[in-house]
Amino acid sequence: MKLLISALLLSVCQGFLAPVPSTFLSRKTTSPLFATASPPATARKTPVFDEVCETTGVTLTRFMIEVAMLNPELSELPSLFSGIETACKAISNMVKRSQLTGLTGYAEGGGSINVQGEEQKTLDIMTNDVLKRALRFTGKLGVLASEEEDTPVDVEPSSKEVMFDETSKYVAVFDPLDGSSNVDAGIPTGTIFGIFDHDEECVVEGEPEGLSEAEMVCLTNTLKPGTDLVASGYCLYSSSCFFVMTVGCGVYGFTLDESIGEFVLTHPNIKIPETSKIYSFNEANLPQWDAPMRETVEKWRVGEGKSGNRFSSRYIGSMVGDVHRTLLYGGVFGYPSDTKNKNGKLRLLYEGAPMSYLMEQAGGLSSTGTKRVMEITPDEVHQRVPIVMGSKGDVQEVLDAYKAAGM
């Protein structure tokens, strides 16, 4: 059975890695798009769940079918989640076998640079293509934005031989392989995704240089605040393959059972502890942090913070791994601004906002120190933002410090 599943995953992976059709916009064509002000977010109905969604062992497929039955406004979401989970299974297999298949090191032997000036790993490019193809053929996606793409990408199938009765209801944003610089050392990595509603009246044809003003507006449909998210989640590739998600009614964690090839519910309705004794920061940057952030962490180190507890440092260096541990055990994860990176290092659209949605749905907080991350509207696709997120009591201590400093 395991050999059969491995063969199936390999065939899926190979299918997704076929050459991407020319209807996709080029990875290296233009500078990031800028958006006009977005309209205010409308109040979104909180989904209704039943006992099936709380039952350990239920598969992700069955879980999403139940969610769609109970919430007709989400009836098209299961198809998109099916594409994401299939891609995650393929990526998990690619990461796990990367040392055996030669999928290590930098793309093109080094020198392949993405729009943010970061050198791309071989798996950065391959996992990006896997996700694009998996999502494109759901028939539910109009536009996507990725860490590895210069601009938002229109994913409407152009071939008239491919027939869909579905609508392009959603916009997807993702970081295909968070922590890819660590993959060669076997350190946990992951995929982050967020899903927004899409304006189905948008039709985009041609290359970015030739787009009309209306078509450019369609592509900037991705530039929305986290408060507009319909769903978000991540897949963690580690000791097990974990799929953690929210559709606005709590956070649910699934684990891949490789014997049946399905994600099964193992962590229903995750709630982050209100306080803890763990922080996860790159402390090498501590001397360059804002004074409120630096002083708060220094107090935690010696047990002089609000709780009186002496904190321990636990830092992996992969956002998905650090956030996953923080959700389960509590504490604070962050990448604050510093004198070198005044806007922080993490990207707002496809890292900060989706993870903040999860954190808040689990009962935690997420802030830049002075603003709620979920309320920030991106000015461009790859905008960076300072982030501190985690247990409510501990993050509030940071916010109070910034407020006391008049920042």
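The following dialogue discusses how to read selected features of a predicted model.

Colleague: What are the ground rules for this model?

Modeller: The model is predicted, so local features need pLDDT of at least 70, side-chain atom pairs count only at pLDDT 80 or more, and totals for chains, interfaces and linings use all residues. Residues are numbered from 1 along each chain as its sequence is written, and side-chain values use heavy atoms, with hydrogens and water left out.

Colleague: What is the mean pLDDT of the chain, and where does pLDDT stay under 50?

Modeller: pLDDT is the predictor's confidence in each residue, from 0 to 100. Its mean over the chain is 80, and 71% of the residues reach 70 or more. Over residues 1-41 the pLDDT stays under 50, and the model has 95 contacts (heavy atoms within 4.5 Å) beyond four places in sequence for them. The pLDDT is also below 50 over residues 204-209, a stretch with 19 contacts beyond near neighbours in sequence.

Colleague: How many helices and strands does the chain have, and what percentage of its residues count as buried?

Modeller: Helices (H or I, at least four residues) and strands (E, at least two) are DSSP runs, numbered from the N terminus. The chain has ten helices and 15 strands. Buried means under 20% relative accessible area, exposed over 50%, and partly exposed in between, with a 1.4 Å probe and protein chains only. By that criterion, 56% of the 407 residues are buried. Among contacts between residues at least 6 apart in sequence, 72% join residues at least 24 apart.

Colleague: How does one check the span of a helix, and what is found for H5 and H10?

Modeller: The expected span is 1.5 Å times one less than the number of residues in the helix. Helix H5 (residues 122-136), with 15 residues, reaches 22 Å from its first C-alpha to its last, close to the expected 21 Å.

Colleague: Which residues of H10 are buried, and why are they said to lie on the same side?

Modeller: Asp394, Val395, Glu397, Val398 and Tyr402 are the buried residues of H10. They lie on the same side of H10 because they cover an arc of only 145° around the axis, where the arc is that of the directions from the helix axis to the C-beta atoms. Lys403 and Ala404, on the other side of H10, are exposed. The buried residues pack against helix H7 (291-302) and strands S11 (332-335), S13 (365-367) and S15 (387-390). Gly406 follows H10 and has a positive phi, near 75°. In H5, by contrast, 15 of 15 residues are buried.

Colleague: What is the strand order of the open sheet, and which strands lie at its edges?

Modeller: Two strands pair if DSSP finds at least two bridges between them. The open sheet has five strands in the order S10-S9-S11-S15-S13, with mixed pairing. Its edge strands are S10 (312-313) and S13, each of which pairs on one side only. Strand S9 (residues 278-280) and S10 pair in the parallel sense over two bridges, and Ile278 has Ser312 in S10 as its bridge partner.

Colleague: Where does Ser366 lie, and what does it touch?

Modeller: Ser366 lies in strand S13 and counts as buried because its relative accessibility is 4%. Leaving aside residues up to four places away in sequence, its contacts include Ser356, Glu360, Ile387 and Met389. Ser366 and Ile387 are 21 residues apart along the chain, with their C-alpha atoms separated by 6.9 Å.

Colleague: Are the two faces of strand S6 covered or uncovered?

Modeller: In a regular strand the side chains alternate between the two faces of the sheet. Both faces of S6 are covered: Cys241, Phe243 and Met245 are buried on one side, and Phe242, Val244 and Thr246 on the other.

Colleague: How does S6 pair with strands S5 and S7?

Modeller: Strand S5 (residues 229-237) runs antiparallel to S6, with six bridges joining them, and a hairpin of three residues connects the two. Ser232 has Thr246 in S6 as its bridge partner. S6 also pairs with strand S7 (residues 252-257) in the antiparallel sense, over four bridges. In the hairpin of S6 and S7, which has five residues between the strands, Gly248 takes a positive phi near 100°.
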